[in-house]
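User: Can you walk me through this protein? I'm new to reading structures.

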Amino acid sequence: MNKKIVVIDGTRTGEENLTSILDILNAELKQSNAEVQVFSLRDMKLAHCIGCFGCWLETPGFCRFGEAGGREILQALIQSDMTILFTPVVFGGYSSQLKQIVDRFVSHVLPYFGLYDGEIHHRPRYLRFPRIVGIGVQHNPDIPEANLFKLIVGRNAINFHAPDYAAEVIGSTDDSEHLREVFRSLITRKDSFPWGKSVKSLMPPAEALMSRPETDGAPRACLIVGSPKTLSNSTSSVFGNYLLDRLKGYDWRTESLTLKASLCTEQGEADLLAAVDRADLLLFAFPLYIDALPFLMTKALELIANHRHKYDHVRLQRLFAITNNGFPESYQNNPALSICRNFATASGIIWIGGLAMGAGEALSGGEPLKPRNNQGLPCMHIIEALKATGDALAQGQTVPIEAIRGITRTPIPYTPFLIWRWLFTFNANKWWEKRAAGHGVNKQSMLAQPYAINTKNKMP
Ligand SMILES: Cc1cc2nc3c(=O)[nH]c(=O)nc-3n(C[C@H](O)[C@H](O)[C@H](O)COP(=O)(O)O)c2cc1C
């Protein structure tokens with residue numbers, strides 16, 4: 001039987017000049033007698049993931065949005081032997097166009113956590129996931145961004161239990177012979193998986209600050225909450241607003257904006273850019289989605305960078321970001337913070353550092369911050385880290401190192417991380433089952449494989 005290859009084309013409107021590269025890729029794939037299916041995302045009407053976990057707890061394995069939830073692509077992907085992610089490299093990550101569907105890969109894993117090579121990932125929903133190949137295109141060579149891109153493809157391959165993966169970055173003006181060679185090697189090459197060690201060292205340090213921000217009147221801060229949750233409160237908004245309140249205490253003028261689907265409209269875009277333009281300090285608060293920023297946050301970065309290039313902004317702005325993830329290892333957020341730092345550099349904004357917190361769903365879950373959370377887990381270390389950060393930002397300083405370390409601390413005093421991780425995994429797995437049962441979904445149904453070939457668990 002011929003190999004099935006799915007190509008997911010994440011080039012954005014206006015980047016049709018990359019089509020010729022895709023044509024070379026397709027020709028190369030067809031030469032290997034593969035059955036190739038290409039999804040050009042910019043021609044499809046897709047909704048973005050709203051982080052409701054419905055695809056784990058209510059309709060296991062698929063999204064409540066049906067076709068708009070990318071059903072056709074997700075089914076083709078899981079039934080393929082190889083899936084190729086094709087995208088311009090955007091600040092070291094994927095384009096928003098590609099990220100919109102990549103966020104939805106979450107339905108291909110189970111809510112259950114497992115330990116893989118010393119770090120937590122979700123257990124697979126299907127018996128096999130395709131080989132993953134990432135092809136990034138750069139208009140101008142940038143080696144650190146290219147390396148980050150390749151690392152993120154590898155991290156995605158780990159998260160989805162791909163048997164192997166390969167990733168490469170090419171130049172938009174590379175000659176066709178070179179491209180053919182790269183594509184030929186990518187079809188079979190096996191890159192080594194970037195396990196924890198290569199991610200731990202990625203926390204991007206703040207830039208040195210030369211002077212205090214110059215403002216007329218009280219300085220302004222703008223919080224951008226990048227969690228797409230609409231059915232419940234987000235941890236990102238809790239953390240972001242805590243910091244904003246701290247700044248208010250120092251007489252800062254503050255405003256906050258939660259990214260919504262309207263960001264993809266002219267009005268939504270204009271509202272975002274106007275709020276960003278007013279700010280001396282930008283605060284991004286978002287969850288980790290598939291090893292990077294969620295779709296809406298990725299889109300916001302593209303819009304802001306584009307805007308700043310177009311109007312040649314001279315206003316000196318600073319950027320701080322706080323991200324939280326589901327797994328207990330906070331370092332898994334580091335690639336996302338690196339994307340933020342690259343965005344800042346590309347947009348002429350000063351990166352003043354970031355905070356990364358693990359087990360966000362377990363420690364906060366969108367509840368207001370208290371010394372002990374609703375499950376009785378101590379959260380004082382989070383409060384202290386946010387206080388120290390808020391105070392430092394208010395005084396024009398970078399994120400204090402003790403806050404960066406403090407927020408990653410094991411919540412239970414005198415308990416080594418390994419014990420905390422075991423407790424976390426055991427309780428979280430039970431918690432997901434309880435939540436699914438609340439929707440009338442039992443343990444067996446949680447394991448549904450709606451897109452598997454010959455499955456008995458077909459979608460309704
Ligand atoms: C689509 C999706 C993808 C996710 N991907 C990751 C991931 O790659 N790694 C991780 O540790 N957590 C991941 N999470 C978990 C979220 O980061 C976690 O639930 C976070 O606490 C949500 O924060 P919020 O309430 O601010 O939205 C993902 C969640 C969703 C819904």
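Analyst: We'll go through the domains, some helix pairs and the ligand shell. Keep in mind that this is a predicted model.

User: OK. Which domains does the domain assignment give the protein chain?

Analyst: The assignment gives domain 1, residues 4-200, and domain 2, residues 220-406.

User: What distance separates their centres?

Analyst: The centres of domain 1 and domain 2 are 26 Å apart, taken over C-alpha atoms. The contact between them takes 29 residues from domain 1 and 31 residues from domain 2.

User: Which elements of domain 1 give two or more residues to the side that touches domain 2?

Analyst: They are α4 (96-102), β5 (119-124), α5 (143-159) and α7 (196-200).

User: And where does the largest share come from?

Analyst: From α5, with seven residues.

User: What classes of residue are on that side of domain 1?

Analyst: There are 14 nonpolar, nine polar and six charged residues on the side of domain 1 that touches domain 2.

User: Back to α5. At what angle does α5 pack with α11?

Analyst: The angle is about 155 degrees, and the axes are 11 Å apart. Angles over 145 degrees count as roughly antiparallel, so α5 is roughly antiparallel to α11.

User: Is the crossing of α5 and α11 left-handed or right-handed?

Analyst: The crossing of α5 and α11 is left-handed.

User: Which residues make the contact?

Analyst: On α5, look for Glu145, Leu148, Leu151, Ile152 and Arg155. On α11, look for Pro335, Ser338 and Asn342. By class, the contact of α5 with α11 has four nonpolar, two polar and two charged residues.

User: What about α10 and α11? How do their axes cross?

Analyst: Helix α10 covers residues 295-311, and helix α11 covers residues 334-347. Their axes come within 9 Å and cross at roughly 15 degrees. Angles under 35 degrees count as roughly parallel, so α10 is roughly parallel to α11. α10 passes α11 in a right-handed crossing.

User: Which residues meet there?

Analyst: Leu301, Ile304, Ala305 and Arg308 in α10 meet Phe343, Ala346 and Ser347 in α11. The residues of this contact divide into five nonpolar, one polar and one charged.

User: New pair. How do the axes of α1 and α6 cross?

Analyst: Helix α1 is residues 19-31, and helix α6 is residues 176-188. Their axes come within 10 Å and cross at roughly 50 degrees. That angle makes α1 oblique to α6. The crossing of α1 and α6 is right-handed.

User: Which residues of α1 and α6 meet?

Analyst: From α1 you have Ile21, Ile24, Leu25 and Glu28. They meet Ser176, Leu179, Arg180, Phe183 and Arg184 in α6. The contact of α1 with α6 has five nonpolar, one polar and three charged residues.

User: Let's switch to the ligand. How many residues are around the ligand, and which come nearest?

Analyst: There are 23 residues around the ligand. Ser236, Pro287, Asn325, Gly326 and Gly360 come nearest.

User: Which helices each supply at least two residues of the shell?

Analyst: Those are α8 (235-248) and α12 (360-363).

User: What classes are the shell residues?

Analyst: The shell around the ligand divides into seven nonpolar, 12 polar and four charged residues.

User: Last one. Which domains does the shell draw at least three residues from?

Analyst: The shell draws at least three residues from each of domain 1 and domain 2.

Definitions and conventions: Residues are numbered from 1 along each chain as its sequence is written. This is a predicted model: local features need pLDDT of at least 70, side-chain atom pairs count only at pLDDT 80 or more; totals for chains, interfaces and linings use all residues. Axes are lines fitted to C-alpha atoms, for helices over the stretch in contact, and angles run from 0 to 180 degrees between N-to-C directions. Helices (H or I, at least four residues) and strands (E, at least two) are DSSP runs, numbered from the N terminus. Angles under 35 degrees count as roughly parallel, over 145 as roughly antiparallel, 65 to 115 as roughly perpendicular and the rest as oblique. A crossing is left-handed if the near helix is turned anticlockwise from the far one by less than a right angle, and right-handed if clockwise. Two residues are in contact if their C-beta atoms, placed from the backbone, lie within 7 Å. Ala, Val, Leu, Ile, Met, Phe, Trp, Tyr, Cys and Pro count as nonpolar, Asp, Glu, Lys and Arg as charged, and the others, Gly among them, as polar. A residue is near a molecule or strand if its C-beta atom, placed from the backbone, lies within 6 Å of it. Domain bounds come from an automatic or database domain assignment.
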